[in-house]
Amino acid sequence: MKILIIEDDPGIASVVSRAVESAGYESRVEPRGDSGLEEALKGGYDLIILDVMLPGLNGVEIASRLRAKGTTIPVLMLTARTEVENRIEGLDAGADDYLPKPFDVQELLARVRAQLRREHVHRARVIRVGGLEIDSVKHTVHRDGAEISLSKREFDLLEALASNEGRVLTREVIQGSVWKDSDGFSNTVDVYVGLLRKKIDGQFEKKLIHTIRNVGYSLEDKDRS
Amino acid sequence: MKPMSTRVKILLGNAAGIFLVLIAFGAASRVVVKKVGIDGLDKQLEGASRPFLNPPPGMGGMIGPRFGGPGPNQPGSNQPDPNGQGPNGEGPDLSGQRAAMPGDSGGNPDLLDQPQPGPDRRPPPATDGVANLGGPQQDLDIKDLPVDEAAIQQAKNNGTAFVTQELNGQKLRVIYVSAPAGRQVRAGRAAVPMQPVNDAIQLVDLTFLLLLVPALLISLGISSLLTKWTLLPAAKMAGEAQKIDANRLEKRLPVIGTDEFGALAQTFNGMLEKVEAGYQAQADALAAQKRFTGDAAHELKSPLTVISGNVQLGLESAGDEKTRECLTEIQRESAAMSAIVQDLLLLSRLESDQPLNLIDIPAVELFESASAGISAEFKFRVMLVTDPKDLTVRGDQNALTRLLRNLLENAVEAISDQGDIIVRAVKENGSCVLTVHDSGRGIPPDALSHLGERFFRADEARTRSGKGTGLGLAICRQIVKRHEGTMRFASAVGKGTLVTVTLPE
């Protein structure tokens, strides 16, 4: 497997390329944005590690141009800028992952592996159900145009219900997929559904979140008795 | 004793001035009234004495040696002999000659006492040789009034003299006139009671007294208005000056006119210029320092990544034990540096005016994310108590999660082996109150005031062994500040620590 590294800092370029090579991949370093894009367009690479702040052409620009040309090579962005807007900007432009500096080289390798392994089944970015609009990348929720602020977990719960639109999810399933790595409290799911309801359905006549007694919850755009 | 304020000084001064003027005016009125009154009496007396001084013509033998009264030989006559005889009237024997007097039968028994035509030629009564003339008040009898010698003397010199005498408790105004040449009596006098004038003066005095209090009030009133008007510019300046604070240092006082107040305002404005400049310089320096910290931290990111990456690679292919040990040490220190850099950057971001993303976060979620990974490591309990169960905290999710995590990490640090950490979240008076209580070693009292300072550690000896970067509480403090809340610490050495964070909704 060949990996292209577009990075101008020689120290980082060197350590990343050595790390990648010690993991068994081939690598090539391009220190400038313009030459990097050229090299990427030549083809033959399985993954591109891309820095954002580059001389010549910045990383975001490179990513969008690559996508514009139709390439589907996984792109992993590195950058010193950590603000959320920058992350979104990068992911919007077409990067598949975003790793802020300083990063752990091992983590980088793990993400590289994940990207190379990935089947390119992209989850739909925006889920729409009955006036509700859920953007998985930006992590925003709108209903009938008005923005609704959700906490991270509330968002995860809504996303789980919405991507299983029409299906009833039991408490166990919800706990397993949303509360992945923590034990959580026993009736936390109920508490969260309650909170979510207040925020999503509270102001609106049409209720989207439904309780199915003794079974679980679902999100659907029609009345269920 | 508290010194009198300027306002009071001016007020009292003005009031005293006005009051004194009113009093002087009153006193002057009294004097004038008295003078006019007495002058009036004196004129009346002059009128009464005129017949004495210039008797009408046709009195004939009346104007002669024997003016008035029956002859000195007449019994009952107590008239002194104008020729210088004593009261017994021994003198030249003039019995044979006698002027005809009205009403005087002249000793002729044949002639009846019949009223004779002509003016009343009876001589006026006299006291000690001074004729008592009839005054304006007919029934006033002054024969018992002693003669004022000084007045007689003065009358002889100047013609008339006025004195005030008292008779039977009644004050009288008396005129003394000296008798024209050749008269039998030396002088004449007339009197009039001073009562009317005294009544008038009393009336003035009474009015005066009655008006005293109103006058005082009026003068205080006028003075108060005057003072207010005078000090108005000062009051205005004070009002404007109050509006100036650290956020509005560019404000200046209005300069009204070119008088003392105007000059004062200008001087004050000059001072404000200097303060504003100094303040600005300080703010600029602080901002520059913050920028530098952020920039420096930013610059350290890449070198740290390189070090860490190379160390890891080195460890992979390191052969001997010693090299491995060295590299492991380097890795640990490099990680510590990275943590500090991360925290500095976070602090820098929190100190900038970047807006927070405020949402209602379930307390349960905050707790779960903040305590992830903690309780697994240690043997103690970490619990959340919240009422109601679905209580939400309003704030930035990332920031508040970080806040709680830092507090929990500190709590874990404080407990050596056994202990509890209890997190409580409740709503109180429209704010959310979050408390973290640990039963650990506590914080000594002299360290309490330094909590939240960068790199401050309560127990210096633990600097190197602890996990923290030294910036944990500084970050907490900044997060609380950005949310416009408060954070308080209560601690007892050996007992535990309670941190209370209050966040307004």
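**Exercise 1. Work out how many residue pairs are in polar contact across the interface of chain B and chain A, and which elements of chain B take part in that interface.**

Step 1. Start with the polar contacts: in this predicted model, the rule finds 13 residue pairs in polar contact across the interface of chain B and chain A, both partners being at pLDDT 80 or more.

Step 2. Now look at who supplies the surface. On the side of chain B that touches chain A, the elements giving two or more residues are α4 (260-317), α5 (321-351), β6 (358-362), α6 (363-371) and α8 (397-414) of chain B. The largest share comes from α4(B), with ten residues.

Step 3. Turn to charge pairs. The rule finds two salt bridges across the interface of chain B and chain A. One pair to find on your screen is Asp390(B) with Lys198(A), a salt bridge whose closest N and O atoms are 3.6 Å apart.

Step 4. Finish with the extent of the interface. Here 28 residues of chain B are in contact with 34 residues of chain A, and the area buried between the two chains is about 2600 Å², with carbon and sulfur atoms giving 55% of that area.

**Exercise 2. Decide whether Ser219(B) and Ala187(B) are buried or exposed, and list what each touches.**

Step 1. Find Ser219(B) in helix α3 (residues 195-243) of chain B. Its relative accessible area is 0%, so Ser219(B) is buried.

Step 2. Beyond neighbours within four places in sequence, Ser219(B) is in contact with Ala15(B), Ile18(B) and Phe19(B).

Step 3. Move to Ala187(B), in strand β5 (residues 187-193) of chain B. Its relative accessibility is 2%, so Ala187(B) counts as buried too.

Step 4. Leaving out residues up to four places away in sequence, the residues touched by Ala187(B) include Phe52(B), Gly129(B), Val130(B) and Ile152(B).

**Exercise 3. Locate the backbone features: where are the cis peptide bonds listed here, and what is phi at Phe455(B) and Glu484(B)?**

Step 1. A cis bond joins Lys101(A) and Pro102(A), with omega about -5°; Pro102(A) is in the loop between β5 (97-100) and α5 (105-117) of chain A.

Step 2. Another cis bond joins Asp387(B) and Pro388(B), with omega about 0°. Pro388(B) lies in the loop between β7 (381-386) and β8 (392-396) of chain B.

Step 3. Phe455(B) is not a glycine, yet its phi is positive, about 65°. At 42% relative accessibility, Phe455(B) counts as partly exposed.

Step 4. Glu484(B) also has a positive phi, near 60°. Its relative accessible area is 67%, so Glu484(B) is exposed.

Notes: Residues are numbered from 1 along each chain as its sequence is written. Chains are lettered from A and ligands numbered from 1 in the order in which they are written. This is a predicted model: local features need pLDDT of at least 70, side-chain atom pairs count only at pLDDT 80 or more; totals for chains, interfaces and linings use all residues. Side-chain values use heavy atoms; hydrogens and water are left out. Contact means heavy atoms within 4.5 Å. Buried area is the accessible area (1.4 Å probe) that two parts lose on being put together, summed over both. A salt bridge is a side-chain nitrogen of Lys or Arg within 4 Å of a carboxyl oxygen of Asp or Glu. A polar contact is a pair of N or O atoms within 3.5 Å; within protein, one must be able to donate a hydrogen and the other to accept it, and residues adjacent in sequence count only if both atoms are side-chain atoms. Helices (H or I, at least four residues) and strands (E, at least two) are DSSP runs, numbered from the N terminus. Buried means under 20% relative accessible area, exposed over 50%, partly exposed in between (1.4 Å probe, protein chains only).
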